[in-house]
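Grab a pencil and work through these exercises with the structure open beside you. Try each task before you read its solution.

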Amino acid sequence: LRHALCGCPQPKVLNECPDACEVNKFDDMMEILQSEVGDFRQLVAVDASFEVFTRLWCIAELVQAYRSNIPQHVCLESS
C-alpha cells in the first residue's frame with residue numbers, strides 16, 4: 001500500500017473485493033441520488049482552515065458532483 005491504513009480495529013475492505021468495498025462507489029451513489037431524489041444538491045461545509053480542500057476524497061466528490069451537473073452550495077464557517 002502507498003498509504004498507511006487507519007489504526008482502528010474495523011476490517012479494511014479494498015478494491016480486491018469490489019462488491020464489499022465502500023470507497024469505490026461514491027460516484028455511482030451520487031448519480032443514483034441525482035436521478036431519484038428531486039432537487040438533489042451537494043452542500044460543501046468548509047472548515048475555518050479550509051482543510052476540506054486538502055482531502056483527496058472530498059475533492060473527488062466535488063469533481064464528481066461538478067461533472068454530473070449536481071448543484072453545489074458552499075457553507076463557510078463564520079465567527
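**Exercise 1: An aromatic pair**

Phe 50 is partly exposed, because its relative accessible area is 45%, and that class sits between buried (under 20%) and exposed (over 50%), using a 1.4 Å probe and protein chains only. Before going on, note that this is a predicted model, where local features need pLDDT of at least 70, side-chain atom pairs count only at pLDDT 80 or more, and totals for chains, interfaces and linings use all residues. Residues are numbered from 1 along each chain as its sequence is written, and side-chain values use heavy atoms, leaving out hydrogens and water.

Task: Work out how the rings of Phe 50 and Phe 53 are arranged.

*Step 1.* A pair of aromatic rings is described by the distance of the centres and the angle of the planes.

*Step 2.* Searching the whole structure turns up one aromatic pair. The ring centres of Phe 50 and Phe 53 are 6.4 Å apart and the planes meet at 25 degrees, so this pair is stacked.

*Step 3.* Now place Phe 53: look in the loop between β1 (42-46) and α2 (56-67), where helices (H or I, at least four residues) and strands (E, at least two) are DSSP runs numbered from the N terminus. Phe 53 is partly exposed, because its relative accessible area is 38%.

**Exercise 2: Salt bridges**

Task: Find how many salt bridges there are.

*Step 1.* Look for a side-chain nitrogen of Lys or Arg within 4 Å of a carboxyl oxygen of Asp or Glu.

*Step 2.* Asp 39 bridges to Arg 41, with the closest N and O atoms 2.8 Å apart. Asp 39 is exposed at 60% relative accessibility, while Arg 41 is partly exposed at 39%.

*Step 3.* Glu 51 bridges to Arg 55, and here the closest N and O atoms are 3.8 Å apart. Glu 51 comes out partly exposed at 40%, and Arg 55 is partly exposed at 47%.

**Exercise 3: Around Glu 61**

*Step 1.* Find Glu 61 in helix α2.

*Step 2.* Check Phe 26: Glu 61 is 35 residues from Phe 26 in sequence, but their C-alpha atoms are 7.4 Å apart in space.

Definitions and conventions: Rings of Phe, Tyr and Trp (its six-membered ring) pair if their centres lie within 6.5 Å; planes under 30 degrees apart count as stacked, over 60 as edge-to-face and the rest as tilted.
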